[in-house]
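Subject: Structure handover

Hi,

Here is the structure I promised to pass on. My notes follow below it.

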Amino acid sequence: MTRVAVLGSGNWGTAFAMILADAGCDVMMWARRAEVADAINAGRNEAYLPELELPARVRATVDPGEALERAGVVVLAVPSQTLRDNLGQWGDAIPGGVPVVSLMKGVELGTTMRMSEVIAEAADIEQDRVVVVSGPNLAPEIALRQPAAGVVACRDMATAERVAAACATPWFRPYTDTDVTGAEVCGATKNVVALASGMAEGMGFGDNTKATIITRGLAETTRLGLALGAHPQTFMGLAGVGDLIATCMSPLSRNHSFGVRLGRGRTVAEATAELRTTTEGVKSCESILTLAQQHDVDMPICEQVVAVIRDGHPASEVGPRLMSRDLKAEKH
Ligand SMILES: NC(=O)C1=CN([C@@H]2O[C@H](COP(=O)(O)OP(=O)(O)OC[C@H]3O[C@@H](n4cnc5c(N)ncnc54)[C@H](O)[C@@H]3O)[C@@H](O)[C@H]2O)C=CC1
Ligand SMILES: O=C(CO)COP(=O)(O)O
């Protein structure tokens, strides 16, 4: 039986812990706050997923050393922008040789590094044992054990297979892959596209508009990914199209909900205060745009999301700006 450490006891850490337990693993979670660890040990993470009754195999502690002790797999589920700090605090306690799984969907501000790169650098982990899990996996639906699939990507296929085996259940189906870069670019960028899709919804636009944003969002995600060396097929898969559809259309997505508020005229500060949760695209839009500029990649939707979020432009200006650009061929 695999013992898994899940570092981060928020929405996705908790839902993924349940997947692992359902797949037969013993799970030890690390929580920042004692009341969260206590609640998990009592069977329910009241602060994040109160409706979910956790399997008895899921336990929690506030001591990262205790969580990581004897772990055969380590899973990281913290916000992208705090990951480096988190690893600074407990990265040394990660056991040697075991797979380290990133559940994060973001790009680090300042460095423009993907999460696997931050993990490798900050915790001195070989890239061959860094694994990325991505796909259309909204935590509240996962917590209800609704059928879903995801991608488990690692440069080393045998390591991807090992992690896939640790999280395969009758209702969660992991597909293995070796395209870590593609999975990460998809996961981070779809949050930015979901902000744009949410803005459109908040302004009262319907499904044609959202489908247009999703499809053109996929085009710019693909351009960025290919420039970074990703495999073209990844963008058509679960981490690409799959997660774009889920996140851009679902009211359960925090990025989508944040965008809806902006579309209704709220400021970034107001939307942040209303939602009070991790909304990765709000920070990563800027680092993704910088990454695109570094690689001379055109990302007009991302550019407009940055104009609204960083520069305070009204969401109502996004549509006219995108629609009035020079006409071009679709496959470009
Ligand atoms: N919630 C979802 O449906 C999904 C989330 N993800 C990704 O998983 C990652 C984590 O997201 P969630 O679990 O939803 O976030 P969350 O906000 O629900 O939980 C974040 C966890 O990180 C911990 N944490 C550690 N250090 C922190 C710090 N300095 N500041 C704030 N929190 C800190 C928090 O205590 C909390 O346990 C994100 O990158 C997100 O994009 C990916 C797929 C699905
Ligand atoms: O990544 C997710 C679903 O796959 C979760 O999306 P949000 O972070 O927008 O809630």
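First, a term: two strands pair if DSSP finds at least two bridges between them. Helices (H or I, at least four residues) and strands (E, at least two) are DSSP runs, numbered from the N terminus.

This is a predicted model: local features need pLDDT of at least 70, side-chain atom pairs count only at pLDDT 80 or more, and totals for chains, interfaces and linings use all residues. Residues are numbered from 1 along each chain as its sequence is written, while chains are lettered from A and ligands numbered from 1 in the order in which they are written.

The sheet
V74 has V100 in strand 5 as its bridge partner. Strand 4 (residues 73-76) and strand 5 (residues 100-102) run parallel, joined by 3 bridges. They belong to an open sheet of 8 strands, in the order 3-2-1-4-5-6-7-8 with mixed pairing. Strand 3 (58-61) and strand 8 (172-177) are the edge strands, each pairing on one side only. On average, neighbouring strands of this sheet are turned by 25° against each other, direction ignored.

Helices on the sheet
Helix 1 (residues 11-22) lies across strand 1 (3-7), strand 2 (26-30), strand 3, strand 4 and strand 8. Helix 1 runs at about 165° to strand 2. Helix 2 (residues 34-41) lies across strand 2 and strand 3, at about 160° to strand 3. Axes here are lines fitted to C-alpha atoms, for helices over the stretch in contact, and angles run from 0 to 180 degrees between N-to-C directions. Contact means C-beta atoms, placed from the backbone, within 7 Å.

The whole chain
The protein chain has 15 helices and 8 strands. Its radius of gyration is 19 Å, close to the 20 Å that the globule rule gives for 332 residues, so the chain is as compact as a globular protein of that length. The radius is taken over C-alpha atoms, and the rule is 2.2 Å times the number of residues to the power 0.38.

Ligand 2
Which residues are closest to ligand 2? They are N137, L138, S253, R254 and N255, among 13 that surround it. A residue counts as near if its C-beta atom, placed from the backbone, lies within 6 Å. Helix 8 (180-202), helix 10 (238-249) and helix 11 (254-263) each supply at least two residues of the shell. Helix 10 gives the most, with 3 residues.

Best wishes

Note on methods: Contact = placed C-beta atoms within 7 Å.
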